[in-house]
Amino acid sequence: MSALQRDAVVAGAGIGGLTAAVALHRRGWRVTVCERAPGPTAVGAGIVLAPNALRAFDAIGFDVTRAVGRAVPAAMGLRRADGRWLSRADTAALAARYGGPPLAVHRSALADALAAALPEGTIRYGVAVDSVADADGSPVVRTSDGDLGGADLVLAADGIHSPLRRRYFPDHPGLRYSGETAWRTVLPAAEDRAEAVTAETWGRGERFGVVPLADGRTYVYATAVVPEGRRPADVRTELLRRYGTWHDPIPALLELIDPAAVLQHDLYDLAAPLPRFHHGRLAWLGDAAHAMTPNLGQGGCQAIEDAVVLAHLLDRARGTDVPAALAAYSAARCARTDAIRVRARRAGRIAVLTHPVAVAVRDLAVRATPARAAHRAMDALFDGFTLPGDMDSVPAGVGTRW
């Protein structure tokens, strides 16, 4: 194959897959994105892009604010169900410490902006990647719409239930239920609505989050400890029962919910880390590689980091040894993402305590934590994104096998 024209197939048009497609496209790759959904969907949720994700986007020349129109600084404070603040985020302090605060955008707006940065026809909706086979050292991608041959690279960004992960890691224990389910929706803008502030409220085994978006809409989410797979017959009634007596503006926001626009997902993470994120010319990223609970708001952010680091290492390899570049990607990403996965799991355990004494001790500890200490605890997340400088650490011969 020509060294000047490299071909990549991306399985999945989520934030990670689209970021990878944009990063590769801007480095001269011809990219095909296969997405099993029949088309882009307007139903979705907000996403908070932490400083590490914003720096990753900067590394590929993708300006989030310009791409989506506007974005709202989103420093997350913590409250009790009665409205009392446990901690209040300082947007200015975060901006000074990390070069900018987290930004909140609608997830579908970000996905649309990434898709718009790709050539027309790059994304093939309604096409699922079924398997990847080896043909004389090159991957052949088998899809629901036929085979795609001649690829130099395949990226599995096929989500938390990744079929490609199950196929290539059959002995991995897979996902583990966290014990929580989550409801998410975006409420329409309303002129007479009381101004909301970005905050997450903790109760006993329940949480409620409010994130204003730039266009006047509000992203809200709620979590609760429930048995796996349980779905209420009436979503609004269930949410009002759980959170209707909590502090303002939560009750008023609940009254505005359209049950048909509410997403409910049980929360999972990987029960154990994958041994590596690559196999020959195939690599995993995002939830497919390191599914984590959303307690640190890093799931999407780490997928963005994955995509940018992967494209960077492939660029440094000049496309001449893709397997070696993917081995370097595994070396660069496995430890960081697994540390965040474990930290997110631990944070979730604290947030969903139910015993009154444990909850009281937790809340007191949060209130007593100085802001400086809280910021230092976030340094490993927000300052942890780096682009590997070279591939010298990749073992010799690692790029010789499919």
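Me: What do the buried residues of α12 pack against?
Reply: The buried residues of α12 pack against β5 (77-80), β6 (85-87), β14 (199-202) and α11 (322-351). Contact means heavy atoms within 4.5 Å. Buried means under 20% relative accessible area, exposed over 50%, and partly exposed in between (1.4 Å probe, protein chains only). Helices (H or I, at least four residues) and strands (E, at least two) are DSSP runs, numbered from the N terminus.

Me: What kind of model is this?
Reply: This is a predicted model; local features need pLDDT of at least 70, side-chain atom pairs count only at pLDDT 80 or more, and totals for chains, interfaces and linings use all residues. Residues are numbered from 1 along each chain as its sequence is written, and side-chain values use heavy atoms, with hydrogens and water left out.

Me: Back to α12. Which residues in it are buried?
Reply: Val359, Arg362, Asp363 and Val366 are buried in α12. They cover an arc of only 95° around the axis, so they sit on the same side of α12. The arc is taken from the directions from the helix axis to the C-beta atoms.

Me: And which ones are exposed on the other side?
Reply: Val357, Val361, Leu364 and Ala368 are exposed there.

Me: What span should α12 have?
Reply: Helix α12 covers residues 356-368, and its 13 residues should span 18 Å at 1.5 Å a residue. The expected span is 1.5 Å times one less than the number of residues. The end C-alpha atoms are 18 Å apart, which agrees.

Me: New topic. Which residues touch the most other members of the largest nonpolar core?
Reply: Leu49 and Leu110 do, in a core of 86 residues. Helix α10 (residues 299-316) gives the largest share of this core, nine residues. A nonpolar core is a set of buried Ala, Val, Leu, Ile, Met, Phe, Trp, Tyr and Cys residues joined through side-chain atoms within 4.5 Å.

Me: What does Leu110 touch?
Reply: Leu110 touches Ile15, Ile47, Leu49, Phe57, Phe62, Val68 and Val105, leaving out residues up to four places away in sequence. Apart from this core lies another, of 20 residues, among them Val226, Leu239, Trp246 and Ile257.

Me: Which residues of helix α5 are buried?
Reply: In α5 (residues 107-116), Ser108, Leu110, Ala111, Ala113 and Leu114 are buried. The buried residues of α5 pack against α1 (15-25), β3 (46-49), α2 (51-59), α3 (64-68) and β7 (103-106).

Me: Now the histidines. Is His290 buried or exposed?
Reply: His290 counts as buried because its relative accessibility is 3%. His290 has its place in helix α9 (residues 287-290). Its side chain makes a polar contact with the side chain of Asp306, at 2.5 Å. A polar contact is a pair of N or O atoms within 3.5 Å; within protein, one must be able to donate a hydrogen and the other to accept it, and residues adjacent in sequence count only if both atoms are side-chain atoms.

Me: Where does His312 lie?
Reply: His312 lies in helix α10. At 12% relative accessibility, His312 is buried too. Its contacts are Arg27, Leu387 and Pro388, leaving aside neighbours within four places in sequence. The side chain of His312 reaches the backbone oxygen of Pro388 at 2.7 Å.

Me: How many disulfides are there?
Reply: The count comes to zero disulfides. A disulfide here is a pair of cysteine sulfur atoms within 2.5 Å.

Me: Last one. Which peptide bond is cis?
Reply: The bond from Asp248 to Pro249 is cis, with omega near 5°. Most peptide bonds are trans. Pro249 is found in the loop between α7 (235-243) and α8.
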